[in-house]
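Dear colleague,

I am handing over the structure below, and after it I set out what was found in it. Please read the notes with the model open beside you.

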Amino acid sequence: MSRTRLPADTRRRLAAAAAGLSRRAVAEIEARHRWYAALSAAERAAVAQLARAGVADFIAWLDGNVITARAGTAVFDVAPPELSRSITLGQTLELLRTVVDVVEAATDDVVDPQTAPAAREAILRYSREIAFRAAHVYAGAAEQRGAWDARLEALVVDAILRGDADDAMSSRASALGWGARTRVAVIVADPPHPVAGDPIDPADVLDKVHRSASRHGLHLLAAVQNGRVIMLVGETRDALLDATHLSESLGPGPIVVGPTVPHLFAAGRSARAAISGHAAAAAWPDAPRPANADDLLAERALLGDLPARNALVGRIVIPLRESAAANLLATATTFLECGRSIEATARTLFVHPNTVRYRLARITAVCGYDVTTPHEGDIVHLAIRYSRLVRAGSTTRAPV
């Protein structure tokens, strides 16, 4: 679209009025927009400079000194890059609209009635170009911030996985708005399957995960490492529910949720449990999805996860051994090693079968596992065996 040509004398009158138009534009911005008063002195000065540059660039465009494709470029060149973080795109468009309104209102005073329609058309065309330029500037700033945030996220997640929760990690987390996040849990899952033959695109995976988190109002940090999606949710009240919400953006494999910890510096413990559980989930094909890492203690123990082994002993064997109800550990052991037969257990212990049934119910009440079911019975049996290894001191002695 060709630019509207105004007579030379009209362009000269507009140029002569530029300083006054700039002052009126700044005064109108201050009077019309409350957000302007909340800016710092330096930011207000930058906005005023932006308004003056807008008037000057419009006049230069009218004179043919600026090609239409470059209209508005000089306006944003004079503004410091930080201004895009201080005022939003919507506020910038409000600012530009105010400047356009002031210039348009001044046409009656500066331009003769015959030329006024052409002047208004020129203002309309220029305002369209500068609006596109503003959108371009903010889109570029958003892309840069997004790329920077992605790098920071990857560094924070990596530091947590390596156990390097230091001041540098805290600083990076603060830059991402995670400086004071509490109730943190780590979720580990498979990325969504790409189209056949295509490699996994981490940027695409993380974009989907973040979109899902945004839809459900979750505070999320995420990274793709070693073919897994590692996600940290903050301020969580139910990490398992959060994982369910995120599952829509993840692959079909297991989703494992680590324990919720008080803050980011303790997230390594949650990450280790979640990663171990994700690696071990294949041993329990019927595991729920998502699953708590604690629900996979037995499978994790099979992979050599020493904290998981100790947790099994601490949660099952020790409570049964120390229970006020007599013989619970002996009953569980005998039941599991007698083919899970109540009658065979009763004969071995020289008690009535109903006594065995009563003790089995007490075992469930004390440790939370029902030894009469196949999976939970296996867990209890594994815990008993690990306790024997602990008592024999075999957990620290390598086999010969």
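Helices (H or I, at least four residues) and strands (E, at least two) are DSSP runs, numbered from the N terminus. This is a predicted model, in which local features need pLDDT of at least 70 and side-chain atom pairs count only at pLDDT 80 or more, while totals for chains, interfaces and linings use all residues. Residues are numbered from 1 along each chain as its sequence is written, and side-chain values use heavy atoms, with hydrogens and water left out.

I begin with Thr-331, whose place is in helix 15. This residue is buried, with a relative accessible area of 0%, where buried means under 20% relative accessible area, exposed over 50%, and partly exposed in between (1.4 Å probe, protein chains only). The side chain of Thr-331 makes a polar contact of 3.1 Å with the side chain of Arg-359; a polar contact is a pair of N or O atoms within 3.5 Å, of which, within protein, one must be able to donate a hydrogen and the other to accept it, and residues adjacent in sequence count only if both atoms are side-chain atoms. Once neighbours within four places in sequence are left aside, Thr-331 is in contact (heavy atoms within 4.5 Å) with Thr-345, Leu-349, Arg-359, Leu-360 and Ile-363.

Thr-345 leads on to helix 16, whose buried residues are Ile-342, Ala-344, Thr-345 and Ala-346, and these pack against helix 15 and helix 17. The N-terminal end of helix 16 is capped by Ser-341, a side-chain oxygen of which lies 3.2 Å from the backbone nitrogen of Ala-344, and just after this helix Phe-350 takes a positive phi of about 60°.

Which residues have the most contacts inside the largest nonpolar core? They are Leu-312, Ile-316, Leu-320 and Ile-363, in a core of 29 residues, a nonpolar core being a set of buried Ala, Val, Leu, Ile, Met, Phe, Trp, Tyr and Cys residues joined through side-chain atoms within 4.5 Å. Two or more residues come from each of helix 13 (297–302), helix 14 (306–322), helix 15 (328–337), helix 16 (342–349), helix 17 (353–367) and helix 18 (374–392), and helix 14 gives the most, with 7 residues. Beyond its neighbours within four places in sequence, Ile-316 is in contact with Cys-367, Tyr-369, Ile-379, Val-380 and Ala-383. Another core lies apart from this one, with 28 residues, among them Val-26, Tyr-36, Val-47 and Ala-51.

Ala-51 also belongs to the lining of the largest cavity, together with residues including Leu-50, Phe-58, Val-100 and Tyr-126. On a 1 Å grid over the protein atoms alone, a cavity is a set of points where a 1.4 Å probe fits but cannot get out, and lining residues have an atom within 4 Å of a point; grid points are joined across faces, edges and corners, and a volume is the space filled by probe spheres set on the points. Helix 4 (41–62), helix 7 (89–110) and helix 8 (116–162) each supply at least two residues of its lining, with helix 4 giving the most, 5 residues.

Turning to the strands, strand 1 (residues 182–189) is largely enclosed by the rest of the structure, because 6 of its 8 residues are buried. Strand 1 pairs in the antiparallel sense (pairing requires at least two DSSP bridges between two strands) with strand 3 over 5 bridges, with strand 4 (residues 255–257) over 3 bridges, and with strand 5 (residues 261–263) over 2 bridges. The bridge partner of Ala-189 in strand 3 is Val-229, Ile-187 stands opposite Val-257 in strand 4, and Val-184 has Val-261 as its bridge partner in strand 5.

Some backbone values deserve a careful look. Most residues other than glycine have a negative phi, and most peptide bonds are trans. Asn-226, in the loop between strand 2 (219–225) and strand 3 (228–234), has a phi near 50° and counts as exposed at 71% relative accessibility. Glu-235, in the loop between strand 3 and helix 11 (239–246), has a positive phi of about 55° and is partly exposed, with a relative accessible area of 25%. The peptide bond from Arg-289 to Pro-290 is cis, with omega near 0°, and Pro-290 is found in the loop between helix 12 (267–280) and strand 6 (291–292).

With best regards

Terms used: 1 Å grid on protein atoms, 1.4 Å probe; cavity = no way out; pocket = protein on both sides within 12 Å on 5 of 7 lines; lining within 4 Å.
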